[in-house]
Amino acid sequence: MPGDEAAAEGAAPVVDGHAHVFNRATPLAADAHARPDYDYAVEDWLADMARHGLHYGVIAAASLHGDHNDHILSALAAYPDRLRGTVILPPDADARRLRDLARRGVVGVRLTWRRLAGLPDPRADPWRSHLHALADAGLHVELLAGNDDLPVLLPALAESGVRVVVDHFGVPGRDAGAHGEGMEALLRAIDRGGTWVKISAGFRMAFETARDCAVRLLAEAGTERLIWGSDAPFVNHEGSVDYAAALALYHRLVPDAAARHAIDRTALDLYFT
């Protein structure tokens, strides 16, 4: 597989497991928390990856675009061997649509439940039926939720049988960090199986928080449950973070090249095999 040789020599990663693509014409959700005034097309992202030796990528559906997924599907169609993606869907999406999306390179549905006034109930319809349908279609849930909500959400999602990929270290709080109830719930979910977590967006938190979370996840979850992502183009942090900085942070958080190579293998296995 392209990129394996470079990864084996210590130049990992070859997979960016979390980035966003868009342009100024991409529709925004009414409640978008940011309104970028620039383009970051899929070709821009691929160019950033190429400059640093990466080959594969996973587009994460961005909450600021709501369920406008056409730009993601177009990118997947243009680069079917190199890209996978997640989308945002209403919970009444039918099984035929889910199967079609899976054939088009979609690997999961992102639940952007971080900024909600009240949490949906995964054990009640329409979400219960939706989660079962995702599992049947071979799609996973990509979960963006507040750390304090993980003890409630992760067991409920597990009951549906759907696989779960948790974004951004589980969004740890500054105070609880690597030792709060959210991290405990995340580790329990990983131990049960069917759950992964992304070491991504570390620049959105204190370095000490990201470092402590990475250390604990490596020790207790292991590389076979971790995925790295850049979170390019670093929305709301464009002036202080670029692709090189995101990679440098990853190397600080996971300094062992063998561990980074193993994390690459996890991403390749989860998304591309």
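Modeller: Let's start with R110, which sits in strand β4, residues 106–113. Strands here are DSSP runs of E, at least two residues long, while helices are runs of H or I of at least four, and both are numbered from the N terminus. This is a predicted model, where local features need pLDDT of at least 70 and side-chain atom pairs count only at pLDDT 80 or more, while totals for chains, interfaces and linings use all residues. Residues are numbered from 1 along each chain as its sequence is written, and side-chain values use heavy atoms, with hydrogens and water left out.

Now, is R110 buried or exposed? R110 counts as buried because its relative accessibility is 4%; buried means under 20% relative accessible area, exposed over 50%, and partly exposed in between, using a 1.4 Å probe and protein chains only.

Who are its neighbours? Leaving out residues up to four places away in sequence, R110 touches H18, H20, A61, A62, S63, T86, V87, I88, E142, L144, D167 and H168, with contact meaning heavy atoms within 4.5 Å. Look at A61 in that list: its backbone oxygen lies 2.7 Å from a polar atom of the R110 side chain.

How far can you trust the picture? The predictor's confidence in each residue is pLDDT, from 0 to 100, and the chain averages 92, with 95% of the residues scoring at least 70. Be careful with residues 1–9, though: pLDDT stays under 50 there, and the model has 16 contacts beyond four places in sequence for them.

Notes
Polar contact = N/O pair within 3.5 Å; in protein donor to acceptor, adjacent residues only side chain to side chain.
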